[in-house]
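I opened my notebook to jot down what I looked up in this one, entry by entry.

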Protein chains: 2
Amino acid sequence: MTAFAILGHLARTDGSFSINDLPGSGGRMDVLCRCVNASLFLSHDLRRDVDCYLVLLGPPSGPKTIKFSGSAVRSLSPDERSAAALIKKVIDVPCGSEFREVADGVSIRKRGLERLLSEMPFAVLDETGEDVRKAKDLPGAFLLSDHLNFTDAENALLGSNPRYSVGPKCLHADHTITVLHNELDRRMSGWE
Amino acid sequence: MTAFAILGHLARTDGSFSINDLPGSGGRMDVLCRCVNASLFLSHDLRRDVDCYLVLLGPPSGPKTIKFSGSAVRSLSPDERSAAALIKKVIDVPCGSEFREVADGVSIRKRGLERLLSEMPFAVLDETGEDVRKAKDLPGAFLLSDHLNFTDAENALLGSNPRYSVGPKCLHADHTITVLHNELDRRMSGWE
């Protein structure tokens with residue numbers, strides 16, 4: 001089981017954004033949609049053993065967390081609009097502090113990073129971390145930021161959680177997930 | 001200098017597709033747009049030393065080849081619609097068998113795979129190839145297929161061109177580009 005969580009610092013927390021303008025009206029919701037794709041898709045298949053958490057921190061009613069469960073999701077295609085349509089479907093549904101499944105494999109709750117960290121030991125993906133190829137063992141849960149850096153408050157919450165880097169260049173969050181999946185796939189399959 | 005070329009077997013070759021329906025009306029143009037993103041984007045930066053060729057093979061007036069030059073492209077954002085808008089801008093412009101630059105860093109010509117192979121020694125990325133991590137040297141030009149396999153006719157054209165694989169799982173074309181970039185970045189930076 002692998003989990004990815006991505007912080008969407010400006011990501012809209014109601015359904016008023018337009019699927020035709022995910023970067024602007026969605027508060028860079030396009031970044032999060034690409035992370036759903038990178039987390040869950042293989043060629044002509046889904047990674048059924050992966051969960052992807054989108055932590056939406058933007059206006060007007062955040063934080064909210066949306067969970068895409070690879071084991072249960074349906075009606076998801078790789079294009080950005082497909083993930084965005086599912087986000088739009090669940091985002092205005094009344095919810096509390098526990099996950100409520102609104103579409104197959106897509107759940108939502110109130111609460112953000114602090115709650116997520118209390119439940120799972122997330123490692124952090126950023127360019128200051130240890131090279132994933134050199135790490136003896138890799139954990140099963142990884143946290144990334146969207147196009148913005150982690151804030152001081154977020155870094156304080158993350159404390160001494162282990163940090164990993166996927167390479168010498170600073171990559172988009174979705175590209176980072178893809179490279180990390182490759183490293184995990186290789187380890188699982190004896191391809192190192 | 002690195003080049004990626006992606007075959008879009010069904011990709012529409014006029015501007016009649018809708019930016020709101022890239023998978024359907026565009027003939028899986030969404031796949032090609034994600035490959036442009038994977039080829040050219042770093043976090044907050046572009047890979048200026050990369051060219052990305054989209055070989056459009058669908059109806060009604062193919063084949064056509066669109067070239068995105070990392071060194072010159074502007075007005076390109078990472079979301080699928082942004083690359084699609086540039087494709088739409090250039091696709092109906094009259095062109096011959098030489099590249100005509102229609103938008104900054106975005107050119108178009110008639111002709112498809114055969115012409116491209118006559119100009120550059122493309123290696124092929126598919127799951128039967130040599131592990132990229134094990135390859136002593138890697139070439140600078142890579143060919144991928146979209147969501148469909150190479151046809152027999154394409155495989156015949158490719159002959160004995162070298163083949164590489166990025167890992168044990170069968171990945172989307174854009175994910176494959178991202179993993180390959182990581183391997184190239186590591187070799188360039190002494191991160192192996």
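**Entry 1: how the two copies meet**

I started with the contact surface: 100% of the interface residues of chain A are also interface residues in chain B, so the copies meet through the same surface. Contact here means heavy atoms within 4.5 Å.

Before going on, I noted the ground rules: this is a predicted model, where local features need pLDDT of at least 70, side-chain atom pairs count only at pLDDT 80 or more, and totals for chains, interfaces and linings use all residues. Residues are numbered from 1 along each chain as its sequence is written, chains are lettered from A and ligands numbered from 1 in the order in which they are written, and side-chain values use heavy atoms, with hydrogens and water left out.

Next I asked what rotation superposes chain A on chain B. I found 180°, with 0.0 Å of shift along the axis and an RMSD of 0.0 Å. The two copies are thus related as by a two-fold rotation axis. V179(A) has the C-alpha nearest that axis in chain A, at 2.7 Å. The superposition is by least squares on the C-alpha atoms of residues with pLDDT of at least 70 in both copies.

**Entry 2: the sheet in chain B**

I traced an open sheet of 8 strands in chain B, with mixed pairing, in the order β6-β7-β5-β4-β1-β9-β8-β10. Helices (H or I, at least four residues) and strands (E, at least two) are DSSP runs, numbered from the N terminus. Two strands pair if DSSP finds at least two bridges between them.

Which strands stand at the edges? They are β6 and β10 (163-165) of chain B, each with a single partner strand, so one side of each is left without a neighbour in the sheet. From one strand to the next, the twist averages 35°.

I then looked at one pairing in that sheet: β4(B) and β5(B) (residues 64-69) are antiparallel, over 6 bridges. There Y53(B) stands opposite K67(B) in β5(B).

Two helices lie across strands of chain B. Helix α5 (residues 173-189) of chain B lies across β1, β4, β8 (123-131) and β9 (141-145), at about 160° to β9(B). For these angles, axes are lines fitted to C-alpha atoms, for helices over the stretch in contact, and angles run from 0 to 180 degrees between N-to-C directions.

**Entry 3: strand β7 in chain A**

Is β7(A) enclosed or open? 4 of the 5 residues of this strand (residues 106-110) are buried, so it is largely enclosed by the rest of the structure. Buried means under 20% relative accessible area, exposed over 50%, and partly exposed in between (1.4 Å probe, protein chains only).

The hairpin of β6(A) and β7(A) has 2 residues between the strands, and G105(A) takes a positive phi near 75° in it.

**Entry 4: rings**

How many aromatic pairs turn up over all chains? The search finds 4. Rings of Phe, Tyr and Trp (its six-membered ring) pair if their centres lie within 6.5 Å; planes under 30 degrees apart count as stacked, over 60 as edge-to-face and the rest as tilted.

One of them is F4(A) with F142(A), stacked at 5.9 Å centre to centre and 25° between the planes. This pair links distant parts of the chain, 138 residues apart: F4(A) is in β1(A) and F142(A) in β9(A). F4(A) is buried at 0%, and F142(A) is buried at 0%.

Another is Y53(B) with F99(B), tilted at 6.1 Å and 45°. Y53(B) sits in β4(B) and F99(B) in the loop between α2 and β6 of chain B, 46 residues apart. Y53(B) is buried at 5%, whereas F99(B) is partly exposed at 27%.

I also noted charges over rings (NZ of Lys or CZ of Arg within 6 Å of the ring centre and within 35 degrees of the ring normal). K67(A) sits over F99(A), 5.7 Å from the ring centre, and K88(B) over F17(B), at 4.7 Å.
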